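Hello,

Here is the structure I promised to pass on. Please open it first, then read my notes.

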Amino acid sequence: MHDDRSLVESRLKRVLDERIRPAVYPAAVPLEVSVWTAPGEPVPVAEGLAAPRTPIAVGDAWGAPWGTSWITVTGTVPEAWAGRTVEALIDLGFDANMPGFQCEGLVYRPDGTPVKGLNPQNQWVRIAAPAAGGEQVELHVEAASNPVILDYHPFLPTELGDKETAGAEPQYKLARMDLAVFDETVWQLVLDLEVLGELMAELPVDGARRWDVLRAVERALDAIDLQDVNGTAAAARVQLAEVLAAPAAPSAHRISAVGHAHIDSAWLWPLRETVRKVARTTANMTALLEDEPDFVYTMSQAQQFAWIKEHRPEVYARVKKAVAEGRFVPAGGMWVESDTNMPSSEAMARQFVHGKRFFLEEFGIENEEAWLPDTFGFTGGLPQVIRNAGSKWLLTQKISWSQVNKFPHHTFLWEGIDGTRIFTHFPPVDTYNCSMKGSEIAHAARNFKDKGVARHSIAPTGWGDGGGGTTREMVAKAARLRDLEGSATVRWERPAEFFAKAEAEYPQPPVWVGELYLELHRATLTSQARTKQGNRRSESLLREAELWCATAALRTGLRYPYQELDRIWKTVLLHQFHDILPGSSIAWVHREAEATYAGLAAELDALIGAAQQALAGDAAGGRELAFNAAPHRRTAVPAGGALAVAAPDGPRCTVGARPEGGFVLANGLLSVTVDGDGLVVSVVDLATGRETVAPGTRANLLQLHPDFPNMWDAWDVDQFYRNTVTDLTAADSVTVSLDAPDAAAVRVARSFGSSTVVQTLTLHAGERRLDIDTEVDWHETEKFLKAAFPLDVHTERYAAETQFGHLYRPTHTNTSWEAAKFEACNHRFVHLDEPGWGVALVTASTYGHDVTRTVRASDGGTTTTVRFSLLRAPRFPDPRTDQGLHRFRHALVPGAGIADAVREGYRISLPERRVTGSVDAVRPLVELDEDAIVVSAVKLADDGSGDLVVRVYEAHGGRARGRLGTSFPLAGAVPCDLLERPWDGTRGEVVPDGDGVTLALRPFELVTLRLTPAAG
Ligand SMILES: [Zn+2]
């Protein structure tokens, strides 16, 4: 037979586009349209409904950037349409190629009842089926004119990302506003032909099935009268029935589809707009659930449920009903889909605490899966957090975005730094916005790496970010793909149903050990430094507030601020969303974040101050007390306690000028030589005589790189940035800024480009640590600023702190996997050592760093260079990212073992606080006799029982045995999960012994204890 394949395929495309799809709505009459433009921010629904309207016509421009227009459409169903299905078609000026990321609307009835969302791929509102004829139609649309930030030419700088710079130019033109007859038979024919056409394109050309489908499509096209599509569509469908009924092969891949809309909690829109995006999408999804009995929808992020509960109670009532029916499924059990690289141990834990608790309290549901489809990499600390939260599965799709290496599994056990293994699935469909296209379904089946031992994968299905979620067309396609020859099978299923099946069919999945590093978006560890600092500061202040408020509550009866801490935690958790903390949102989001963090800091400082004053006693007592919130004793001040300030003993600090320029700082522990350029040429650990700085190099060298990635400006730094570098060696001045017995400091001022930097290098008495304070007035564009420390250390690996421990990364680039990690995340420290001697670098607020190695020609020694990433200056999506003043604090700790790195990391983040009072000391509530067991949190139990909750972990990576003693009479001590529920999952030993608990922990093991004080 002659090969006419492309002829029939081209015919299918043209007839569908030009004749069949237009016939879905064979008759239409225009609606009357009027509008009211809200003067500023969104108004309450009642106010929008009541506002006076002025007429507007199709083709008219509307909608200043970030504005809200209340659009009213009215009309009458023609009598001639009696018996037909009638829909309103409301096109606000959508670009259907871009579902989401543009204007959107929520439709209300005149009484304020929400109907559904309006989105580029979802413009219909059902009026009547069947219509009686003569129905009066009145609908109101709360239309948001969110500007398009990410366009067909993506990543161009734009001023549209903040209402303060966006201007008032209308962004959209009203398009179709009609009442129309909906011909369901034609609509079904469109879906038959789409499914078969898309399937056909994926089938092998030499297979019979492809030709069976082709001939059936041809017969269907022959059966259509192009002048009477509506009259002949049913006959055309008859021709397709047989090929649509042919069942899938027994070996077909099995896809669990779940309706979904990945809604970023802020990104190319501000937080307040996400509230409305979620309302529109959930209105759509609850409506779709009512229309489609097989459909299942899942939504993650407890915060988004909380928003609709607060702001759109009518929509929330529908959500609650659908959740109770088991068809609207809360997923993930986290407060938001957070970044996981940067949140602290406690913050990562609290994401699950607050997420799971919300779902438990609102719906009585406990999730067992973590749902993070879009997060930019996963730390080795996360598996233990997931397990301690009472969950056991993880879903993400993001690692498929890695630029270099293809991950070898889709279903596997992921093992974290402590040995916890989590059953993990990467959907092989490689998207969290599946639309049930044949190409996606075929890709999932082909791409699935675990064929032969497993058969199931999941496909989150629907448009996110204001695209409106799953469409009725996707549901119709899924129905056809349920059991179709040549295709994977598709069933709507809850995530837990999928995970249970996947786990059952794959009892011995492969294991991946260590972090799931995303080989992309590496600059999200640095962009928007003030947002990152706000996060780190908030995390530290929350630790202090919980500790001192709990101590004051138990000791003095001061009210514990449960509500305040709950609200502040949720705000901090929200800002750890995977486009806020990573710095990839528009200017508006980061401007607000900075103000929010400042407000939280003031509030937390006040809580801390009140608690410490209650503990210190009357300020008239005149005794100065030092409070130490860090988990290790600081000079004589115990961890978690306070002590009257004493003068430091030991050798005094000195600073002296060098004849060749520069200065030498010394304190009996370190001798630091700063040259005439203000660079550190030597740091000698006086106890061992060991030099820290590699010969022939200079440390604390600021280096400036051009930084213009190929795409994703705020997210990405591309490897080639390293090819060009400017060393900032010229100093404007190098002077002694402090020469006192207890501290000595040298101040170095530099200018470069349009920017200036002042650094202060300080030694304190009794501390084996060089503090480096950096103040940058940053006015560069598309540059990357790093601070380099070339160290005389030979090592193949270094440690970087993560949640509840640290992980190791290589210093070399033997393989493509190692080479791809050219920018990585640390929390408070990185540490590298040779047996017996090491160096830690600690940081109060930065996360990005790189480590490289060279071998010196001069002596054959190895120089291992650690560089902290300080600032970038991308221009998209915020055209002025990071401009202005920044302050950083880092420190170099020579002669540091891992224990020193852990301790100094806490110290730099938790400076002592001085309070004047009347007591001599404040005894800690709990005391540990083992350095490796570190307190992560001390707080009162969230249930208000008055119990004390203490979370500890083994921080050195070894076994630790120790005793946690309490300074109060102890009635009971119970190991708990993160939600503070009694839990037998703790693997180490926890043995209560009167007024304390003996602990034996495995490497990096975390244990949460609920301690009940004895009555009286
Ligand atoms: Zn996202």
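Below are notes on a metal site and on one helix.

This is a predicted model, in which local features need pLDDT of at least 70, side-chain atom pairs count only at pLDDT 80 or more, and totals for chains, interfaces and linings use all residues. Residues are numbered from 1 along each chain as its sequence is written, and side-chain values use heavy atoms, with hydrogens and water left out.

The zinc site comes first. His262 (NE2), Asp264 (OD), Asp374 (OD) and His578 (NE2) are the protein donors, 1.9 to 2.1 Å from the zinc ion. (Donors are N, O and S atoms within 2.8 Å of the metal, or 3.2 Å for Na, K and Ca; water is not among the atoms, so sites may look incomplete.) Their spacing in sequence is H-x1-D-x109-D-x203-H. Asp264 sits in the loop between β13 (254-259) and α6, Asp374 in the loop between β16 (369-371) and α10 (382-388), so this pair, 110 residues apart, links distant parts of the chain. Asp264 is buried, at 1% relative accessible area. Asp374 is buried too, at 4%. (Buried means under 20% relative accessible area, with a 1.4 Å probe and protein chains only.)

Now helix α8. It spans residues 313-324, twelve in number. (Helices are DSSP runs of H or I, at least four residues; strands are runs of E, at least two; both are numbered from the N terminus.) Its buried residues are Val315, Tyr316, Val319, Ala322 and Val323. They cover an arc of only 120° around the axis (taken from the directions from the axis to the C-beta atoms), so they lie on the same side of α8. Gly326 follows α8, with a positive phi near 80°.

Best wishes

Methods
Expected span 1.5 Å × (residues − 1). Buried < 20%, exposed > 50% of the residue type's maximum accessible area, 1.4 Å probe, protein only.
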